[in-house]
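Hello,

Here is the structure you asked about. My notes follow below it.

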Amino acid sequence: MMLYKLIPPSVVTATIQLPASKSISNRALIINALGKGIYPPENLSDCDDTQVMIKALTEGKETIDIMAAGTAMRFLTAYLSVTPGERTITGTARMQQRPIQILVNALRELGAEIEYVRNEGYPPLRIKGAELKGNEITLKGNVSSQYISALLMIGPALKDGLTLHLSGEIISRPYINLTLQLMQDFGAKAAWTSPNSISVAPQLYQSIPFKVESDWSAASYWYQIAALSPKAEIELLGLFPNSYQGDSRGAEVFSRLGITTEFTSQGVKLKKTGKALERLEEDFVDIPDLAQTFVVTCVLLNIPFRFTGLQSLKIKETDRIAALRTELKKLGYVIEEENDSILMWNGERCEPEEIPVIDTYEDHRMAMAFAPAVICHPNLLIADPQVVTKSYPGYWGDLKQAGFQVINEG
Ligand SMILES: O=C(O)C1=C[C@@H](OP(=O)(O)O)[C@@H](O)[C@H](O)C1
Ligand SMILES: C=C(OP(=O)(O)O)C(=O)O
């Protein structure tokens, strides 16, 4: 097992070229493939999740392995359902435990030919591309928005277009809006027609030049470093106001923890005001990928919190609720869970381990959210640090550039 020891600088000074957004990259790639685009999307992410998407779309293999990429699994399932040929799509052991039945059922209702290779409701899938015929379906909106995004993106390719009615609470809604925004940029007619219905017109995508913006979820770890460091001057490149990404809301939440954001012509500069509130209450239903960042940041700043809307965390790269509670205990913090969807901390502590080894559970965000904790817990070690490649391959290199020593303890 690889272990990283980190030594933070006394002052963090850095200008960071963030990775491009994997969510935008993977949408642009699918839309480009469906529209037979002539302009390849520019500034695509170099992360694993985008690499597997590029491979799937260009190599033409019969068996497609998307590793751990949820977006690739869900978006390609819909894409392959409308693309001639027969293929198997599979992924890591964890991917084979991440549910996909809601999407498969919806696609089958539209006429898709999809079989489960192993376990009912989970990848791998055997998919035979066909012309789909249905045009109006109802599906649950409370498990993963990626099912909805996957269906929406094939909507313009269906003979009669597509109307989706979403039942139950709609989680990760900004990711649905991101999909609609990109579809519109590429000439599709797709919009909400009520708070829980979306219609897509049958009209081919247009090919346009498109540049992917930097990743706001990745930015959150730098906000965290700024919040935890005694002194920090950090500039993050490639971020803009009015981002397409829902996780840009992280900037506002961090302002309540004493980090303000100043937009420059190239990105953002983080400023420490030093004034953090005494307790943080936040609903994460729209920003699930920021949960780990804020849970770790708050305990280290000694800010009690109550975070709701975390119901999707159990089916991500790992059960993030369990992983957070287990690893924070090693650092001496006792976090409570309620209803599988709420995390709370009232300031309760336990004896920290002398040399805490933070396990990362094949989850990039466990590694990235716990690395900044070294500023407050200098003895901690990060296990399996290479997991960051899922969304941010340059993370450790960027930390070095910011003055951290990153030492491989073998
Ligand atoms: O559509 C997307 O790009 C994503 C949607 C979210 O997933 P869920 O909709 O499953 O919550 C998010 O957690 C994931 O990292 C990326
Ligand atoms: C949940 C995530 O990814 P995905 O669902 O696309 O695998 C993530 O990046 O935090």
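Where is the place of Pro124? Pro124 sits in the loop between strand S5 (113-116) and strand S6 (125-128). The peptide bond from Pro123 to Pro124 is cis, with omega near 0°. Most peptide bonds are trans.

Some ground rules. This is a predicted model: local features need pLDDT of at least 70, side-chain atom pairs count only at pLDDT 80 or more, and totals for chains, interfaces and linings use all residues. Residues are numbered from 1 along each chain as its sequence is written, and side-chain values use heavy atoms, with hydrogens and water left out. Helices (H or I, at least four residues) and strands (E, at least two) are DSSP runs, numbered from the N terminus.

Two loop residues have a positive phi without being glycine:

- Ser172: phi is about 55°. Ser172 lies between strand S8 (162-167) and helix H6 (173-185). At 5% relative accessibility, Ser172 counts as buried.
- Asp384: phi is about 50°. Asp384 lies between strand S19 (381-383) and helix H12 (395-401). At 26% relative accessibility, Asp384 counts as partly exposed.

Buried means under 20% relative accessible area, exposed over 50%, partly exposed in between (1.4 Å probe, protein chains only).

Now helix H5 (residues 145-154). Ten of its ten residues are buried, so H5 is largely enclosed by the rest of the structure. Among them are Tyr147, Leu151 and Met153. At the start of H5, a side-chain oxygen of Ser144 reaches to within 3.1 Å of the backbone nitrogen of Gln146.

Best wishes

Notes: Chains are lettered from A and ligands numbered from 1 in the order in which they are written. A polar contact is a pair of N or O atoms within 3.5 Å; within protein, one must be able to donate a hydrogen and the other to accept it, and residues adjacent in sequence count only if both atoms are side-chain atoms.
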